[in-house]
Amino acid sequence: MINQTQNSNYYAVIMAGGVGSRFWPVSRTAYPKQFIDIAGTGMSLIQATYERFKDIVPTQNIYILTNDKYRDLVKEQLKGIQDYQILCEPVMRNTAPCIAYACHKISELNPKASIVVAPSDHLILNTRQFTLDVSNALHTAESNPCLITLGIQPSRPDTGYGYIRYSDQELGNGFKKVAQFTEKPDKEHAESFLKSGDYLWNAGIFIWSAAEVLKAFETQLPEMNKLFLQGRNVYNTGNESTFLKENYPNCQNISIDYGIMENAENVFVLPVEFGWSDLGTWASLYSLAEKDENQNVVIPSEGTILRDTSGCMINIPEGKKLVIEGLHNYIIAEANNTLMIIPRESEQVVKQIVADVKTKYGENFV
């Protein structure tokens with residue numbers, strides 16, 4: 001395997017602009033989950049993501065996509081990161097516009113660039129395998145006219161993930177031609193996908209050359225591509241921010257999945273297994289976290305006494321003492337002077353709870 005850390009044509013773009021409302025009350029708009037050590041690993045999610053990519057691309061080639069209100073948080077958490085590496089979208093417009101912006105900017109710097117784009121809030125347990133798989137994908141994208149996504153071997157018929165069906169056609173080195181994307185299916189379809197054996201979870205991690213993805217934008221989202229082409233002379237200059245503020249709000253609000261990946265002809269998937277979770281919900285954290293003998297997850301692990309309690313997901317502030325008796329299969333989360341207690345099976349109501357809290361108590365509580 002080539003030592004990818006020495007390849008100056010390889011870049012990483014980490015998306016860190018979300019608010020993580022499903023992890024409320026721990027995650028809030030002012031301090032969302034990517035900046036929190038929500039899994040109890042000793043690092044925030046964005047810090048762990050940044051460290052993973054330092055093993056794959058040169059540190060100076062790692063860019064953070066976020067928005068203005070999180071710029072200071074990024075600088076505070078990622079020591080040594082330079083201002084030019086923090087790309088701030090002036091308004092939120094989903095993933096296609098921010099990825100188009102980053103890829104146009106990087107292409108102006110280095111037309112030979114190959115880029116991996118990944119969310120900042122994923123949990124990866126096997127970082128060595130992650131490094132091998134992403135390095136493999138970067139090398140493949142550099143050598144072939146293709147768009148690559150990583151697919152996770154599904155372990156259950158989960159309705160919270162998008163699915164990828166692949167065909168028999170291969171690019172070589174494990175890469176399979178994508179036949180179809182399916183967004184969050186119902187339980188019946190998810191079960192049939194699992195049984196078929198030719199479906200993967202969509203990890204939302206993408207790899208491509210700058211040239212190939214910009215061709216895809218030109219074909220699939222021509223108006224958006226034209227908008228960002230107008231900035232080619234201001235990227236990486238002092239006028240870049242002004243250009244973005246004037247033009248970025250005019251972008252269509254659309255995801256990279258809908259806008260590009262589902263319609264492009266040259267999309268390939270690499271099936272991977274590196275202990276992945278998108279950490280989208282309390283249940284996803286519970287499923288991966290280490291459990292005690294009664295199947296409770298307690299973060300942090302100190303300061304809690306549990307009696308006749310099982311199957312609970314507990315996240316409380318460090319230093320807080322908590323005693324629970326006779327509770328089974330609940331989520332207990334406290335932060336920012338707010339306590340939430342709900343059945344684990346009802347965790348889909350968290351977004352509605354956040355909406356209710358916002359209506360009753362105002363934005364400061366969400």
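Contact here means heavy atoms within 4.5 Å, and helices (H or I, at least four residues) and strands (E, at least two) are DSSP runs numbered from the N terminus. The model is predicted, so to speak of a local feature we ask for pLDDT of at least 70 and for side-chain atom pairs 80 or more, while totals for chains, interfaces and linings use all residues. Residues are numbered from 1 along each chain as its sequence is written, and side-chain values use heavy atoms, with hydrogens and water left out.

**Exercise 1. Find the buried residues of helix H6 and what covers them.**

Step 1: Take buried as under 20% relative accessible area, exposed as over 50%, and partly exposed as in between (1.4 Å probe, protein chains only). In helix H6 (residues 210–220), the buried residues are Ala210, Glu212, Val213, Leu214, Ala216 and Phe217.

Step 2: Look at their cover. It includes H3, strand S4 (114–119), strand S6 (147–152), strand S9 (199–209), helix H7 (222–229) and helix H9 (256–261).

**Exercise 2. Describe the largest nonpolar core.**

Step 1: Such a core is a set of buried Ala, Val, Leu, Ile, Met, Phe, Trp, Tyr and Cys residues joined through side-chain atoms within 4.5 Å. The largest has 47 residues, and those with the most contacts inside it are Ile99, Ile115, Leu147, Trp208, Phe217, Met224 and Phe228.

Step 2: Ask who contributes. Helix H3 (residues 95–109) gives the largest share of this core, eight residues.

Step 3: Follow one residue. Leaving aside residues up to four places away in sequence, Ile99 touches Met15, Leu65, Val117, Trp208, Phe217 and Ile256.

**Exercise 3. Place Ile106 in the fold.**

Step 1: Ile106 belongs to helix H3, and its relative accessibility of 0% makes it buried.

Step 2: Beyond residues up to four places away in sequence, Ile106 touches Tyr11, Val13, Tyr63, Ala113 and Ile115.

Step 3: Compare sequence with space: Ile106 and Asn236 are 130 residues apart in sequence, yet 8.9 Å apart from C-alpha to C-alpha.

**Exercise 4. Count the disulfides and check Cys251.**

Step 1: With a disulfide taken as a pair of cysteine sulfur atoms within 2.5 Å, the structure holds zero.

Step 2: For Cys251, the closest cysteine sulfur is in Cys98, 9.8 Å away, which is too far for a bond.

Step 3: Check accessibility. Cys251 is buried at 6% relative accessible area, and Cys312 is buried at 0%.

**Exercise 5. Locate the cis peptide bonds at Pro25 and Pro300, and the positive phi values at Asn94 and Asp308.**

Step 1: Recall the background: most residues other than glycine have a negative phi, and most peptide bonds are trans.

Step 2: The bond from Trp24 to Pro25 is cis, with omega near 5°. Pro25 sits in the loop between strand S1 (10–15) and H1.

Step 3: Ile299 and Pro300 are also joined by a cis bond, with omega about -10°. The loop between S12 and strand S13 (304–307) holds Pro300.

Step 4: Asn94 has a phi near 70°. This residue lies in the loop between strand S3 (86–89) and H3, and is partly exposed at 38% relative accessible area.

Step 5: For Asp308, phi is near 50°. Asp308 lies in the loop between S13 and strand S14 (313–315), and is exposed at 57% relative accessible area.
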